[in-house]
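Hi,

Here is the structure I said I would pass on. Have a look at it first, and my notes follow below.

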Amino acid sequence: MRISRAPRTALALASAAALTLTAAGCAAEDEGSEWAASHKPTVDLPQLKGQKLQVAAVWTGDEQKNFRKVLDEFEKRTGAKVEFVPTGDNVATYIGSKVEGGSPPDVAMLPQVGVLREFARKGWLKPLGKEALAQSKKNFAKGWRDLGSYEGKQYGIYYKAANKSLIWYNSQAFEDAGVKEAKDWKSFVKDAETLSDSGVDPVSVGGADGWTLTDWFENVYLSQAGPEKYDQLAEHKIKWTDPSVTEALKTLQQLWGKSHLLAGGNQGALQTDFPKSVTQAFGNLASPQAALVFEADFVGVNIEGDTKARIGKDAQVYPFPKVGAKPPVVTAGDAAAVLKNSKGAQALATFLASKDAAGIWAAEGGYVSPNKELDLSAYPNQPQREIAKALVEAGNDFRFDMSDQAPAAFGGTKGEGEWKALQDFLKNPEDIKGTQQALEKAAAKAYEK
């Protein structure tokens, strides 16, 4: 999960009807995992006493503490010592510099499909060994295994996943305005007008972080254009000047083109980062700066950490409204990839593919796993169990974040590519043609490399 670029990784599905999320507190690191202590291991791991491993990931704060519990259990069971190294927001740049310098980590958690495939193409990643592959096949749907693969070989295990299709709203603001959870886009925009009339700015948009805008586009596009077109655009098999993109931008224009529907107007949205977009809706419950915010399940972490709002009471959540025939199901995730083909690195990949490792973080909260063999009782509360159940039952029926599938220069770089083009569109929602031309120019340059 990445809070600038990074919080885009973990998953609950938009098809879940009533979702709430609690970011459970973390115990001290030396307390270990209570879940692991009470569950019998399901995967055999080799003895690795004396071996030292390094794992690189974007996670900080509570996420890093919770993942440390997972690594502690691996150490306990194998005798290895595992060092966690934070990568900063740009994982691709960090790992690339380490590889080129001859000192890559043993395992890296990669938050972008495009980066994973780019690294595999360059020969930086090692294919998963037979033990890791066996756990992967046993525990993950084919769709998740395919996401971690390149040219017929699997390189990644999606240890942590994320839902990119949720609307989080201030319960009191909705009650005061007399609006309910919107099922479709037309109702969503109509409700925004009603909320505005009630005296509160309707929608908080974290436009200063361009990745939030890509998520808006992807949800509208997937629901409106459909999965086949989504896949084609994700692979740049159709151009960003395609009529389907025009229609999606016209749909967004219905919201972004009305300044009074955005907290602080268009300029205010462009100056609002993701954390602030959450606090605008939930920081002051008596007089909120916005009625709702769109983003993934990790919004719950920000609500719990940065506001006094209680999820399930003050803060509620519902699926992104459908624009076409079905509501969108957009996901993201962090894949464990091996960069050193050692016994220890492959053992860690095997562990991360097991339900043993998934259960440790699941019990801590603020996490959802696509591991279909993990018992739902591992999650700390019923809402999270429902989220996990929806994810597992979706099987292969989801689409991964489009910008995370793209080359980083187009889909994952601040001030460039898709982020910049959509920020310019938020600034001037009338310029659909210019936006499409800018998107296509940046995409053509990035995909030809």
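A word on handedness before the rest: a crossing is called right-handed if the near helix is turned clockwise from the far one by less than a right angle, and left-handed if anticlockwise. Please keep in mind that this is a predicted model.

With that in hand, the crossing of helix 13 and helix 14 is right-handed. Their axes, for residues 274–282 and residues 299–306, come within 10 Å and cross at roughly 65°. On the helix 13 side the contact uses Phe-274, Pro-275, Val-278, Thr-279 and Phe-282, and helix 14 brings Val-299, Asn-302, Ile-303 and Asp-306. By type, that contact splits into six nonpolar residues, two polar and one charged.

Next, helix 16 (residues 355–364). Eight of its 10 residues are buried, so the rest of the structure largely encloses this helix. Among the buried ones are Asp-356, Trp-361 and Glu-364. The cover over them includes helix 1, helix 2, strand 6 and helix 15. Ser-354 caps the N-terminal end, with a side-chain oxygen 3.3 Å from the backbone nitrogen of Asp-356. Just past the other end, Gly-365 has a positive phi of about 90°.

Leaving aside neighbours within four places in sequence, Tyr-159 touches residues including Phe-67, Leu-352, Ala-357, Ala-358 and Trp-361.

Cheers

Technical notes:
Residues numbered from 1 in each chain as written. Predicted model: local features only at pLDDT ≥ 70, side-chain atom pairs only at ≥ 80, totals over all residues. Heavy atoms only, no water. Axes fitted to C-alpha atoms, helices over the stretch in contact; angles between N-to-C directions. Helix = DSSP H or I, 4+ residues; strand = E, 2+ residues; numbered from the N terminus. Contact = heavy atoms within 4.5 Å. Nonpolar A, V, L, I, M, F, W, Y, C, P; charged D, E, K, R; others polar. Buried < 20%, exposed > 50% of the residue type's maximum accessible area, 1.4 Å probe, protein only. Polar contact = N/O pair within 3.5 Å; in protein donor to acceptor, adjacent residues only side chain to side chain.
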